Amino acid sequence: MPKNVLILNDSEGSLTPLIEALAQNGYTAYSSENSDLCVDKFDEVQPEILLLSLTAIGALDSLQVIRMDPAGATVPIVFLGTGAEGIKNPAAAQQRGGDFYFQHPLNMGEVLGKIKSFIGVGEGGPVPIPGDEPEAPAEEPPAEEPAAPAAPAEPPLEEPAPAAP
């Protein structure tokens, strides 16, 4: 079953790379560049998570309307912003009704990881995002040759018997 992700994008479309990464990782991404239409689209697609660009006009107004809807009361909402909007960290996002916050520039691996923690893996599982691949493990050093067996231990010295009187 596809995992629907709704994105309130800004008018500049700055989240287009995120939308592409979501699709590559098996999520069905829906985007709206208008906060009023975002509320309608939320009802239409019933997303498992909402990614809200704080640079979109009316983003926090959309959030309030969606949170009043019983379905929107439990859907995770992740804020994406520059920090200039007054929300600069996850704690501030929670105070404003969100569940998490990412600041631009976005690290796709981290954003996808958070989405996965909220709603699970998309259909088909994850694929590597360019630039976010883990580093290759260092080559293991060649195995050392086994050490020569140790010489047998000398028997303990016996203490001389006490002299007879």
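Where is Asn25 found? Asn25 sits in the loop between H1 and E2. The legends below start with an overview and return to this residue.

**View 1. The whole chain: a predicted model with 5 helices and 5 strands.**
This is a predicted model, with residues numbered from 1 along each chain as its sequence is written. Local features need pLDDT of at least 70, side-chain atom pairs count only at pLDDT 80 or more, totals for chains, interfaces and linings use all residues, and side-chain values use heavy atoms, with hydrogens and water left out. Helices (H or I, at least four residues) and strands (E, at least two) are DSSP runs, numbered from the N terminus. From the N terminus on, the order is β-α-β-α-β-α-β-α-β-α. Of the 165 residues, 36% are buried. Buried means under 20% relative accessible area, exposed over 50%, and partly exposed in between (1.4 Å probe, protein chains only). A contact means heavy atoms within 4.5 Å. Among contacts with a separation of 6 or more, 63% come from residues 24 or more positions apart.

**View 2. Asn25 in the loop between H1 and E2.**
Asn25 is buried, with a relative accessible area of 4%. A polar atom of its side chain lies 2.8 Å from the backbone oxygen of Ala21. A polar contact is a pair of N or O atoms within 3.5 Å; within protein, one must be able to donate a hydrogen and the other to accept it, and residues adjacent in sequence count only if both atoms are side-chain atoms.

**View 3. Strand E1 with its partners E2 and E3.**
In E1, 5 of its 6 residues are buried. Two strands pair if DSSP finds at least two bridges between them. E1 pairs with E2 in the parallel sense over 6 bridges. E1 also runs parallel to E3, joined by 4 bridges. Leu6 stands opposite Tyr30 in E2 and opposite Leu50 in E3. E1, H1 and E2 form a right-handed β-α-β unit. Right-handed means that, with the strands pointing away from the viewer, the path from the first strand over the helix to the second runs clockwise.

**View 4. Strand E4 between E3 and E5 pairings.**
All 5 of the 5 residues in E4 are buried. Ile77, Phe79 and Gly81 point one way, Val78 and Leu80 the other. E4 pairs with E3 in the parallel sense over 4 bridges. Leu52 stands opposite Phe79 in E4. The chain crosses from E3 through H3 to E4, and this β-α-β crossover is right-handed. E4 and E5 are also parallel, over 4 bridges. Here Phe79 stands opposite Tyr101. E4, H4 (residues 90–95) and E5 make a right-handed β-α-β unit.

The arc is that of the directions from the helix axis to the C-beta atoms.

**View 5. Helix H5 (residues 108–119) and its ends.**
Asn107 caps the N-terminal end of H5, with a side-chain oxygen 3.0 Å from the backbone nitrogen of Gly109. Met108, Val111, Leu112, Ile115 and Ile119 are buried. They share one side of H5, because their arc around the axis is only 95°. Their cover includes E1, H1, E2, E3 and E5. Just after H5, Gly120 takes a positive phi of about 90°.

Note on methods:
The expected span of a helix is 1.5 Å times one less than its number of residues.
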